[in-house]
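Open the model in your viewer and keep the selection tool at hand. This tour goes from one selection to the next.

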Amino acid sequence: MTPFRYRSRIKEFSEAFTKQVAAELEKRRDKLISPRNAQKFLHGRMWKTKPTEYGDDAGELQAHSFEFLSRFDDVVNHDLAKFVEARDRLVEGLMAEFQASLYQTISQSTEKSGNTVVREPGQSPAEAFLAALEMIEFTTQSRTSICRRCGRRSA
């Protein structure tokens, strides 16, 4: 038995709170990665991707979690500002998890493809950055086009 008398209101509040958190997370995520590159999955934890020259495997969804405490007194006293603070803490915590996961994925990808520069002892950050720039190769391929729909190259 729930300590609150209005069970339907609990469900309504939970759904509204969840929607607000999801909307704010989406807005903040879109600042980091293009919405065109973000996918939502409703079922399962794995998906298949097209193989690349780097031998990518099937990926797996990563769960992000964050815990916060809502004091009973704040609920009983109808302190609505505490709900806004809790929502903001939840969004901040989940975004921190997402950012750490994103940067870890990028780091693993660049290491796997060899697109990394190691700063040698005694080397300045500027010299390491210059070494990274020197590794960039620009090439052109005549009579090659890229399909905008699927990204495949054709001659």
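Select I136: this residue sits in the loop that runs between α4 (125–134) and β3 (145–146). The model is a predicted one. I136 has a relative accessibility of 46%, so this residue counts as partly exposed, a class that lies between the cut-offs of 20% and 50%.

Together with I136 they make a nonpolar surface patch of about 400 Å².

Which residues make up the largest nonpolar core? Select F17, V21, L25, L90, V91, L94, M95, F98 and L102, the nine residues of that core. Colour α1 (7–32) and α3 (80–113): each of these helices supplies at least two of the core residues. The largest share is that of α3, with six residues. As background, nonpolar side chains in soluble globular proteins tend to be buried together.

Show the contacts of V21, leaving out neighbours within four places in sequence: they are R87, L90, V91 and L94.

Next, draw a distance line between the C-alpha atoms of V21 and L94.

Finish on L94. With neighbours within four places in sequence again set aside, L94 is in contact with V21, L25, H64, S65 and F66.

Terms used
Residues numbered from 1 in each chain as written. Predicted model: local features only at pLDDT ≥ 70, side-chain atom pairs only at ≥ 80, totals over all residues. Heavy atoms only, no water. Patch = residues over 30% accessible without salt bridge, like charges linked within 9 Å, V, L, I, M, F, W, Y side chains within 5 Å. Areas by Shrake-Rupley, 256 points an atom, 1.4 Å probe, with all protein chains shown as cover. Salt bridge = Lys/Arg side-chain N within 4 Å of Asp/Glu carboxyl O. Helix = DSSP H or I, 4+ residues; strand = E, 2+ residues; numbered from the N terminus. Buried < 20%, exposed > 50% of the residue type's maximum accessible area, 1.4 Å probe, protein only. Core = buried A, V, L, I, M, F, W, Y, C linked by side-chain atoms within 4.5 Å. Contact = heavy atoms within 4.5 Å.
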